[in-house]
Amino acid sequence: MSANAGTVSEKNPGVRAKSAKPASPWAHAFRRLRKNRLAVTGLVFLILMGLFCTVGPLFSPYVDERVTGANFNRPPSAQNWLGTDNLGRDILTRLMLAGRISLTVGIASMLLSVLIGSVLGAVAGYYRGIVDQVIMRFADVLMTIPSLPLLIIMGAVLSDLKVPSDYRIYIVMLMLSILGWPGLARLVRSQILTLSQREFMQATEVLGLRDRRKIFVHLLPNTLPLLIVVATLSVAGAILSESVLSYLGLGVTPPTPSWGNMMDSANSLIDFQKRPWLWMPPGVAIFATVIAINLLGEGLRDALDPKMKK
Amino acid sequence: MTTMTNTLAEIKGLSTYFHTEEGIVKAVDDVSFSIPAGRTVAVVGESGCGKSVTALSVMRLVAEPGRIEKGEIRFGDQDLLRLREGEMRGLRGNDIAMVFQEPMSSLNPVLTIGEQLIEPLMEHRLLSKKEARAESAGLITRVGIPRAEEMLKAYPHELSGGMLQRIMIAIALSCQPKLLIADEPTTALDVTVQAQILDLLNGIKAESNTAILLITHDLGVVAEMADHVVVMYAGKVIEEAPVIELFQNPRHPYTKGLLRSKPVIGRREERLYSIPGQVPQLIGLGEACAFADRCESCLPVCRERRPVITQGENGHLVACWLYEEGVSRDE
């Protein structure tokens, strides 16, 4: 490689310590994550849950939404492993299909709020001044409104407008991300504020790079570790919010299943007392998924940003 | 300077003030000098004398609350201070490049060397990513780093300070700048690496006729690199001369002090000489010569009026009452 290095004479140009493979910061972080047993458990559980929800229904002999004639409210049996509901639908199949919806809503609303939050936060932190004021005051206003009542109001409006069940999923995602981005924007903005003072940002200034490049290529990737952690944890939050709304009948509405609206059966006293197979499975699924996400999130935080460790 | 042909850049009456709560800090006050094409001009002075601010002013990157108040920076046939921000951005990294003091923190830790090297190539020379990558391997080889392909995939934390400074120089050179501003390029490096980096810079100057504006406080570096020296004190140019003339025949008491405070090999001394006193506060500097309080040959007039920089023989300029005609020498 140094054959044509004759331009500037050099005797000992220094050699890289380890030449084997590029040790990207991500590889380091992954190694740290692997050592954290709880986080790995969480990750494995989430992967299994994902497979259970996406691949599982393919193996089910029960087509969803088919209301079988006589099998109402059957307890778990060899045919219906988790029993059937009040319309004779197989609970296990429904649980899997509901998981698809709940996980999708959680992840999609996280992605959307990360997108909005990081872009607006970065723009606010980079330009400061009036741009910053406008964006952050708007975020503050959104943050001062308690989210649950707001979600309930929005859900009620949706119900009044008779939005079809299929569309409601998307609107629920949108609602959750609208409430999710201000926190993220704040976080990203504060990071950008400190990062802009770093010397490498002055170096980009000296190179005459465009603002767009400075923000998206130089600044945002530096906030990525934090962003990943917060995004992971916010998936759990989104799943919970979706469940709450759907449980109240204001989020994802039947016939589209979600873990939240499956829990709805717990509203009836008889079902609650006598037919635990109706509401226990979705309850356990929500509980376990949220715990797993939180464990993974904590693990990621320790792995990506050792300084944040308490 | 007048004897030299082909001036690349000329700084005329540049004043950069910082408007702080305590008052106006005249970090750079009426500074003038010029940079001939393909030569190295060193700006010397101790911390806080305004040399870095001068460099940043040329780049037009003085941060708030600093502001370039007046003056002119001629670069080619244009005045940099009159360009629109977009035009200035087109010059930065392209015609004028800069290398910083701290190579360790001047590269983005999350991007590979390659990703950072191709940026100016894509921005200013409008190369595609592929072309830029090919070009950047050549640049790395040019600054004396072997195994260029591998280096492009490395992250900054994997390299030593000296290597990173080479990378910074490679980035600065990527668009073949006419002027390279080097702000204490070797201060953060150890001595052997310093020598290598200086060799590299000298090689570049010889090869591509790039003018270098070298900011430093290290007279050893000046002796090795510079063709012409500008000495600054408290925001002003106090002496300016070709390098050999300055070292052989320093005139301003401050320059003399600086040269005396260098250790000399073979001469044993109890303590190294140091100029008494401290750099004055830059806020509310009166009419007196800023160096008067520390000066060993201070005259009464020094405390009343500030000397003006005047031309002497051998291209030697100095701002000191000692060399003015008709100044009363009585204490």
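Helices (H or I, at least four residues) and strands (E, at least two) are DSSP runs, numbered from the N terminus. This is a predicted model, in which local features need pLDDT of at least 70, side-chain atom pairs count only at pLDDT 80 or more, and totals for chains, interfaces and linings use all residues. Residues are numbered from 1 along each chain as its sequence is written, while chains are lettered from A and ligands numbered from 1 in the order in which they are written.

**View 1. A cis peptide bond in chain B.**
B:Glu64 and B:Pro65 are joined by a cis peptide bond, with omega about 0°. B:Pro65 sits in the loop between helix H1 (51-59) and strand E4 (66-75) of chain B. Most residues other than glycine have a negative phi, and most peptide bonds are trans.

**View 2. Two residues of chain B with positive phi.**
B:Leu126 has a phi near 55°, a positive value, and is not a glycine. This residue lies in the loop between H4 and H5 of chain B. B:Ala234 is not a glycine either, yet its phi is positive at about 50°. B:Ala234 belongs to the loop between E9 and E10 of chain B. Which of these are buried and which exposed? A residue is buried if 20 or more other C-beta atoms lie within 10 Å of its own, exposed if 12 or fewer, and partly exposed in between, with C-beta atoms placed from the backbone. B:Leu126 counts as exposed because it has 9 C-beta neighbours inside 10 Å. B:Ala234 has 22 other C-beta atoms within 10 Å, so it is buried.

**View 3. The four-stranded sheet of chain B.**
Four strands of chain B form an open sheet in the order E2-E1-E4-E5, with antiparallel pairing. Strand E2 (24-36) and strand E5 (78-79) stand at its edges, each with a single partner strand, so one side of each has no neighbour in the sheet. Two strands pair if DSSP finds at least two bridges between them. Strand E1 (residues 7-19) of chain B and E2(B) pair in the antiparallel sense over nine bridges. B:Ile11 stands opposite B:Phe33 in E2(B).

**View 4. The eight-stranded sheet of chain B.**
This open sheet of chain B has eight strands in the order E6-E7-E8-E3-E9-E10-E12-E11, and its pairing is mixed. Its edges are strand E6 (96-99) and strand E11 (310-311), each with a single partner strand, so one side of each is left without a neighbour in the sheet. Six bridges link strand E9 (residues 228-233) and strand E10 (residues 236-242) of chain B in the antiparallel sense. Opposite B:Val231 stands B:Glu239 in E10(B).

**View 5. The helices of chain A.**
Chain A has 11 helices and zero strands. Of its 310 residues, 38% count as buried. An unreviewed UniProt entry places the feature "transmembrane region" at several spans of chain A, including residues 38-59 and 101-126. UniProt positions are given in the numbering used here, feature names are shortened, and annotations may be inferred rather than shown by experiment. Residues 38-59 of chain A are 77% helix and 0% strand, with end C-alpha atoms 30 Å apart. Residues 101-126 of chain A are 100% helix and 0% strand, and their end C-alpha atoms lie 37 Å apart.

**View 6. The contact of chain B with chain A.**
Chain B gives 43 residues to the contact and chain A gives 28 residues. Two residues are in contact if their C-beta atoms, placed from the backbone, lie within 7 Å. On the side of chain B that touches chain A, H4(B) gives the most, with four residues.
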